[in-house]
Amino acid sequence: MLHTSNFLYQLHCRFGSSTLHPHYSCMSYNTATGSWSSKQLQSRLGNLRSRRSEFRVTCWQVLDSTKTCRVQEVSKMNKWENVDILLLDNLTKFREEVANCSKFSEKLSSGATIFVNDAFSLSHKILASTVGVTRFCHASVAGFNFEEELLQLKKISKTTRQPYLAIIGGSNFLEKANALHLLACKCDGLYFFGKLAFQIMNALGLSVPGCFVEQDAVGEALKLIQHAHCRKISIYFPNDFWCFNNSKQDLREIFPSGGILTGWTPIDLGPVSLKELSSLLSICKKILLIGSIKFDSVKEDTVGASELALMLQKISMTDCDVTVVGNAACNAVAGTSCSITQYRMFKNASVVWEFLKGRILPGVAALDIAYPHDLDWNIAFPDPSKPLIVDIGSGNGLFLLKMARRWQNYNFLGLEINKKLVRRCLNNVLQSNIKNGYFISTNATSTFRSIVSSYPGYLILVTIQRQQK
């Protein structure tokens, strides 16, 4: 999520130094997971405002919900509707926020015309500040960071670089089964460690400590193994473990997988496992590390976790695409790497797991993103290199279709929010055999930039027609 100073700087870049148009003068920005305190926010905002005096706002109001502040008290803030930018800090303290309360959502959006959501880490949840408020705003758009993280997340399922290895830790095999099947479809190999590894081992008939077995997961583990076999990809798990004695925890020994004695608990990967993992990583062009890289019984960082982080650092320097998912994994990588910019990182693993399960992220669905960023222009037009003319609010399409017939050397694109009208327009295009006309159902307020910026040719004209009352 963007720090507030970056958000304001990018607002300055987008809107310029002049005062915002009155119609867009109030913007609601969600910083629910921000780590700054209210005093730090006020201090940094003051510094930013002094450095960038061109970006003029009339008032800053910071709400700190960590105090004993309830909705009734919030409603008494008489300056609420007079601010230009409202910062809301840690709204999860409100039960109305978690319940996606309609009245609370309406109050949060009071006076706001445009809602900008940059809290991508919360997009898997249905909250008042990320989903509910979109019902009461004229337009709801993704922030710069939100849009970038969403695009990066989609790259996890792309297989343009191979071999592609997924290293998967954590627990709850049954809950993640659908996501694991998707990874088995995309990756060239799956390496399990942590509690998930024991479910694979148990399904294969190896001896596993009873405390690590998820009884309901055997069936799903067998399905995954069969899926991998059909795709002819390998499933890996550690060959050996460092274990401690349950009665004497300072006593530690190495056991082979499937040979852990009763009274011993695995706490780390053994030397053979680390050597095998290093060999696997050395040939990969794309790596996904997702989930906790520690065992449930271990609180502190382990040697295996540190070694894995160092391996990733080394392999990333060979032009390998590395994605790290989960707070523990990100911290381990950040602790050993001199530059974390070489990785694609998602601290909130829940968002990624929900995406891999094939579920729609509520925070994404609530925004005005009615058309994908990766539009195939070759389907829309026979020659997408021709100059483009866009009609926003194309309605019944008569104006655009008439221009398309008259000027064959241009491509014409209609953007219309009414889906029924768009379907009618597309039928007219087919019936009229018009090759240089196309229509998209979308809210151009929020999607115009992403749609037009991907066009291969030049944009030469944008038309907007307003009906006089």
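**Basis and confidence**

Residues are numbered from 1 along each chain as its sequence is written. In this predicted model, local features need pLDDT of at least 70 and side-chain atom pairs count only at pLDDT 80 or more, while totals for chains, interfaces and linings use all residues; side-chain values use heavy atoms, leaving out hydrogens and water.

The average pLDDT of the chain is 77, and 75% of the residues score at least 70. Here pLDDT is the predictor's confidence in each residue, from 0 to 100. Contact means heavy atoms within 4.5 Å.

The chain holds 18 helices and 18 strands. Both are DSSP runs numbered from the N terminus: helices are H or I with at least four residues, strands E with at least two. Of the 469 residues, 51% count as buried. Buried means under 20% relative accessible area, exposed over 50%, and partly exposed in between, with a 1.4 Å probe and protein chains only. Among contacts with a separation of 6 or more, 73% join residues 24 or more positions apart.

**Helix H9**

H9 spans residues 218-231, 14 residues in total. From first C-alpha to last it reaches 20 Å, close to the 20 Å expected at 1.5 Å a residue. That expected span is 1.5 Å times one less than the number of residues.

Which residues of H9 are buried? They are Ala221, Leu224, His227 and Ala228. These cover an arc of only 120° around the axis, so they sit on the same side of H9. The arc is taken from the directions from the helix axis to the C-beta atoms. Lys223, His229 and Cys230 are exposed on the other side of H9. The cover over the buried residues includes helix H7 (177-186), strand S7 (189-192), helix H8 (195-203) and strand S8 (234-236). Just after H9, Lys232 takes a positive phi of about 60°.

**Pro238, between S8 and S9**

Pro238 lies in the loop between S8 and S9. Pro238 counts as buried because its relative accessibility is 0%. Tyr191 is 47 residues away in sequence, yet its C-alpha is 8.3 Å from that of Pro238. Leaving out residues up to four places away in sequence, Pro238 touches Tyr191, Phe192, Phe193, Ala197, Ser257, Leu269 and Ser273.

Strands of a sheet pair through backbone hydrogen bonds, either parallel or antiparallel. This open sheet has the order S10-S9-S11, with antiparallel pairing. Its edge strands, S10 (252-256) and S11 (264-269), each pair on one side only. Two strands pair if DSSP finds at least two bridges between them. The twist averages 40° from one strand to the next.

Five bridges join S9 (residues 240-245) to S11. Leu269 in S11 is the bridge partner of Phe241. Six of the six residues of S11 are buried, so S11 is largely enclosed by the rest of the structure.

Helix H10 (residues 271-281) lies across S9, S10 and S11, running at about 150° to S9. Axes are lines fitted to C-alpha atoms, for helices over the stretch in contact, and angles run from 0 to 180 degrees between N-to-C directions.
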